[in-house]
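Here's a quick briefing to read with the model open beside you.

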Amino acid sequence: MNHFDSVLLFQVDGFTQLVANQVNYVLMFLGYDSIIVPHTNEASIKLILNQIFVARVVEGCNALSVMILFVAFVVAFTGKWLHTILFIIAGCLLIHILNVFRIVMLSIALLKYPEQEHLLHGVVFPLFIYGVVLGLWVFWVNKFSLHVRKNAEK
């Protein structure tokens, strides 16, 4: 197997690639020497920041599962159909944008504090993205959900 075959064997899905590309663009915009390359041993994208391999972008990094969970909750506590659709679109877009910035901030933090990887990747940054989703859910239920209105009228 040559190098080209191994890269094809371990390709990531298109949405994960999109997230990695957007993270790379933001890091370059912020003045970092950022490069992304396919990982040759697994389905991930290597993120190299200032010539240092700082992170892998894998399928779990794309926040797609978080968006699916968000959508399921909003649908479960549905409101008027137009409000529901618009809130889902806006919420997923917000989650995506914040997720890209989460990976950007995590990459910069890992460059500067590599010894804090477990705390940063396992606690701080998941708390950030799930905290935003929780806030969106609370806002949705209190402002738009028909289930809350029905219960309040009883």
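**Briefing: the fold at a glance**

Ile89 lies in helix 4. Keep in mind that this is a predicted model. Ile89 is also exposed, at 53% relative accessible area, and it belongs to a nonpolar surface patch along with Trp81, Leu82, Ile85 and Leu86.

**Overall layout**

- The chain has six helices and three strands.
- Reading from the N terminus, the elements go α-α-β-β-β-α-α-α-α.
- There are 154 residues in the chain, and 36% of them count as buried.
- Take the contacts with a separation of 6 or more: 61% of them are between residues 24 or more positions apart.

**The largest nonpolar core**

- As a general point, nonpolar side chains tend to be buried together in soluble globular proteins.
- Here, the largest nonpolar core has 24 residues.
- Which residues have the most contacts inside this core? They are Val23, Leu27, Leu47, Val54 and Val104.
- At least two core residues come from each of helix 2 (14-29), strand 2 (45-49), strand 3 (52-57), helix 4 (81-112) and helix 5 (117-143).
- Helix 4 gives the most, with eight residues.
- If you click on Val54 and skip its neighbours within four places in sequence, you'll find it in contact with Leu47, Leu49, Ser107, Leu110 and Leu111.

**A second core**

- There's also a second, separate core, made of 15 residues.
- Ala63, Phe87, Cys92 and Ile129 are among its members.

- Ser107 sits in helix 4 and is buried, with a relative accessible area of 1%.
- Setting aside residues up to four places away in sequence, Ser107 touches Leu27, Leu47, Leu49 and Val54.
- Thr16 is in helix 2. Is Thr16 buried or exposed? Thr16 counts as buried because its relative accessibility is 0%, and the cut-off for buried is under 20%.
- The side chain of Thr16 makes a polar contact of 2.9 Å with the side chain of Asn62.
- Asn62 also shows up among the residues that Thr16 touches, together with Val57, Val58 and Glu59, again not counting residues up to four places away in sequence.

**The salt bridge**

- How many salt bridges does the structure hold? The structure holds one.
- The partners are the side chains of Arg56 and Glu42, at 2.3 Å from N to O.
- This pair links distant parts of the chain: Arg56 is in strand 3, while Glu42 is in the loop between strand 1 (34-38) and strand 2, and the two are 14 residues apart.
- In general, side chains of opposite charge can pair when their charged atoms come close.
- Both partners are partly exposed: Arg56 has a relative accessible area of 41%, and Glu42 has 25%.

- Asn50 counts as partly exposed, at 30% relative accessibility, whereas Gln51 is exposed, with a relative accessible area of 62%.

**The surface**

- The chain exposes about 9,300 Å², and carbon and sulfur atoms supply 68% of that area.
- Back to the nonpolar patch: Trp81, Leu82, Ile85, Leu86 and Ile89 have about 560 Å² of accessible area together.
- Why does Ile89 count as exposed? Its relative accessible area is 53%, and the cut-off for exposed is over 50%.

**Phe139**

- Phe139 has its place in helix 5.
- With a relative accessibility of 40%, Phe139 counts as partly exposed.
- Leaving aside neighbours within four places in sequence, Phe139 is in contact with Phe87 and Phe144.
- You've met Phe87 already, as one of the residues of the second core.

Key: Residues are numbered from 1 along each chain as its sequence is written. This is a predicted model: local features need pLDDT of at least 70, side-chain atom pairs count only at pLDDT 80 or more; totals for chains, interfaces and linings use all residues. Side-chain values use heavy atoms; hydrogens and water are left out. A nonpolar core is a set of buried Ala, Val, Leu, Ile, Met, Phe, Trp, Tyr and Cys residues joined through side-chain atoms within 4.5 Å. Buried means under 20% relative accessible area, exposed over 50%, partly exposed in between (1.4 Å probe, protein chains only). Helices (H or I, at least four residues) and strands (E, at least two) are DSSP runs, numbered from the N terminus. Contact means heavy atoms within 4.5 Å. A polar contact is a pair of N or O atoms within 3.5 Å; within protein, one must be able to donate a hydrogen and the other to accept it, and residues adjacent in sequence count only if both atoms are side-chain atoms. Accessible areas come from the Shrake-Rupley method with a 1.4 Å probe; for residues, only the protein chains shown count as cover. Patches are made of residues with over 30% relative accessible area and no salt bridge: like charges are joined within 9 Å, nonpolar side chains (Val, Leu, Ile, Met, Phe, Trp, Tyr) within 5 Å. A salt bridge is a side-chain nitrogen of Lys or Arg within 4 Å of a carboxyl oxygen of Asp or Glu.
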